[in-house]
Amino acid sequence: MPRIVGVVGKPNVGKSTFFSAATLAHVAIANYPFTTIKPNVGMGYVRTPCVCREFNVTDTPGNSTCVNGTRLVPVEIVDCAGLVPGAWQGKGLGNQFLDEIRQADALIHIVDASGGTDSEGKPRDPGTHDPKEDVRFLEHELDMWVLQIIKKDWDRTVRLVEGAKEELLPILEDKLTGLGIRRDHLMSAKAKTKLNFEKPSSWSDQDLLGLVTELRKYSKPMLIAANKMDVPPAEKNLEALQPMGHMVVPCCAEAELALRRAAEKNVISYVPGDGNFETSKEVKLTPEQANALTRIKEKVLIPFGSTGVQEALNLAFFKLLQMITVYPVEDAEKLTDHKGRVLPDAYLVPYGTTAKQFAGMIHSDLASGFLYATEARAKMRVADDYVLKDRDVISITSTKRHA
Ligand SMILES: Nc1nc2c(ncn2[C@@H]2O[C@H](COP(=O)(O)OP(=O)(O)O)[C@@H](O)[C@H]2O)c(=O)[nH]1
Ligand SMILES: [Mg+2]
C-alpha cells in the first residue's frame, strides 16, 4: 500500500505553494502507478542517497530516478482544503477536508511562521499572529472530529459492550475506519491510555478525549513546516514552535517553487533539497532572475540550509511513517533485473517489512514460492523472516518466476 501525505493548515499559509513546489518534478519518472487522478493529489518524491555509488555501478533507474547519486523515489501528496476554527462543526470546507484527510497517513502542517495571517487565514501584518495557536487549533479540530464520531450513540456503544458483551475495539474500528483510523492505531492508543475497554461506562470525558488524542497521534502523525521563513518575524516564531512536541522544519515554499521552475527552464541546476544551486552557463539570466535567485540564497538557503520543502517530505516518509528504501534486483551479483537494468527500482516500504512480505509486494508468485532472499551487500542468504534494512539490495529466489 503506497502511503500518502496530506498538506494541511488554515487558509493562506502556503499549502498550495508547497504542494505545487513539491509536485513540480523537473526530472521525469516513468511508470508511476498513480492511485488517484484528482487535481489536489500529486506526485512528489523523497530523496535518499542511492546505493549506486557504494556499489560503484552506473544504474538504469525505472520506477524512480537517480541524479548525481541521489535517488528520487515517487510519493503521493494531497493538498487539503484550508481549515478554519470550528470546521468540525461544519464551518468552511470542513467536509471536503474530512474527505481528504481520511486518505492521509501522515500530515505536514504548514503554518505561517511570519505570523502574517490571522486564525481564519486573513492576511495581517507580519508578527501580529502567534503561529503556536495554529498548531493547537489544528490538533483540537482533528480531536473534536474524532470525538464527535465516537460520541454519536455512545450510550448505545456502552450498552453493547457492557450489556451484550460485544467487544469495544471492533465497534470503534467500524466507526472510525472512514477517517483512515485502523485497528493497529486503536490497539496502540488503548495500550497507551490503559483505559478499560470492558467498562467504557467508567470513562470520564477527559478519558475519552485522551483516547482520541492518542488515536490522532498514531493515525495522523504530524510535523510542522514553518513556512514564510523569508519574512523577518518568522525566526523568532520558529524558536517558539520548537518545544511543542513536533518536528519543525523551517520552510520557504515560495523559494522552492521558484527554484524548481528555474531548474525546469534550465536556468539553474538544482536538486530539490540541495542547499545551493548552480547557474547555467548556457542560459543568460535576466537582472530580475539574478536578483530573485540572490535573494533566495541570502534569505533562505544560507540561513536555513535549504528551502525545507524537500526536507519536510523526507521527514514525513522516513521519520513519521518510518519508511525505508529497498532495491529489488534479480541478480544479486550484477544488481540487475531480468532485462539487465542495473538497480532499476527503489521501493519505499514500512520499517519492519520482512523479506517474504517484500517478495509479495513485488509479485504474489514470488512470495508463494519463496525459497530465500539474498542481501547483496553482504552477499548473504537470508530467510523469509529477515527484517529489511534501509538501502538493502535484495534478490528473491522463488520456486515460481515472475514474468
Ligand atoms: N513570503 C512568502 N510567501 C509565501 C510563501 N509560500 C506561500 N506564500 C504566499 O502566501 C499566499 C498564500 O499561498 P497559498 O499557497 O495559496 O496558500 P494556501 O491557502 O495555504 O494554499 C500566496 O500569496 C503565496 O505567494 C513563502 O514561503 N514566503
Ligand atoms: Mg490552497
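How are α4 and α6 oriented to each other? In this predicted model, α4 and α6 are oblique to each other, a class that takes the angles left over once those under 35 degrees (roughly parallel), over 145 (roughly antiparallel) and 65 to 115 (roughly perpendicular) are set aside. Because the model is predicted, local features need pLDDT of at least 70 and side-chain atom pairs count only at pLDDT 80 or more, while totals for chains, interfaces and linings use all residues. Residues are numbered from 1 along each chain as its sequence is written, chains are lettered from A and ligands numbered from 1 in the order in which they are written, and side-chain values use heavy atoms, with hydrogens and water left out.

**Helix packing**

- Helices (H or I, at least four residues) and strands (E, at least two) are DSSP runs, numbered from the N terminus.
- The axes of α4 and α6 are 10 Å apart, and the two helices pack at an angle of about 120 degrees, where axes are lines fitted to C-alpha atoms, for helices over the stretch in contact, and angles run from 0 to 180 degrees between N-to-C directions.
- The crossing in which α4 passes α6 is right-handed, a term for the near helix being turned clockwise from the far one by less than a right angle, with anticlockwise giving left-handed.
- On the α4 side Val 146, Ile 149 and Ile 150 meet Leu 172, Lys 175 and Leu 176 of α6, contact being heavy atoms within 4.5 Å.
- By class, this contact of α4 with α6 has five nonpolar, no polar and one charged residues, where Ala, Val, Leu, Ile, Met, Phe, Trp, Tyr, Cys and Pro count as nonpolar, Asp, Glu, Lys and Arg as charged, and the others, Gly among them, as polar.
- Helix α6 (residues 168–176) also approaches helix α7 (residues 183–193), their axes coming within 10 Å and crossing at roughly 125 degrees, which makes α6 oblique to α7.
- The residues making that contact are Leu 169, Pro 170, Leu 172, Glu 173 and Leu 176 of α6, together with Arg 183, Leu 186, Met 187 and Lys 190 of α7, and they divide into six nonpolar, no polar and three charged.
- The crossing of α6 and α7 is right-handed.
- Helix α4 (residues 131–151) packs against helix α9 (residues 234–241) at an angle of about 40 degrees with the axes 9 Å apart, so α4 is oblique to α9.
- Here Pro 131, Lys 132 and Val 135 of α4 meet Asn 237, Ala 240 and Leu 241 of α9, giving four nonpolar, one polar and one charged residues.

**Surroundings of ligand 1**

- Ligand 1 is surrounded by 15 residues, the closest being Asn 12, Lys 15, Thr 17, Asp 230 and Glu 254, on the criterion of a heavy atom within 4 Å.
- A polar side-chain atom of Glu 254 lies 2.6 Å from an oxygen atom of ligand 1.
- For Lys 228 the distance from a polar side-chain atom to an oxygen atom of ligand 1 is 3.1 Å, and for Asn 227 it is 3.2 Å.

**Loop residues**

- Asp 345 sits in the loop between β10 (323–329) and β11 (347–350), and its side chain reaches the backbone nitrogen of Asn 63 at 3.3 Å.
- Leaving aside neighbours within four places in sequence, Asp 345 is in contact with residues including Gly 62, Ser 64, Arg 71 and Tyr 327.
- Leu 24 lies in the loop between α1 (15–23) and β2 (41–49) and, not counting residues up to four places away in sequence, touches Arg 260, Arg 261 and Glu 264.

Key:
A polar contact is a pair of N or O atoms within 3.5 Å; within protein, one must be able to donate a hydrogen and the other to accept it, and residues adjacent in sequence count only if both atoms are side-chain atoms.
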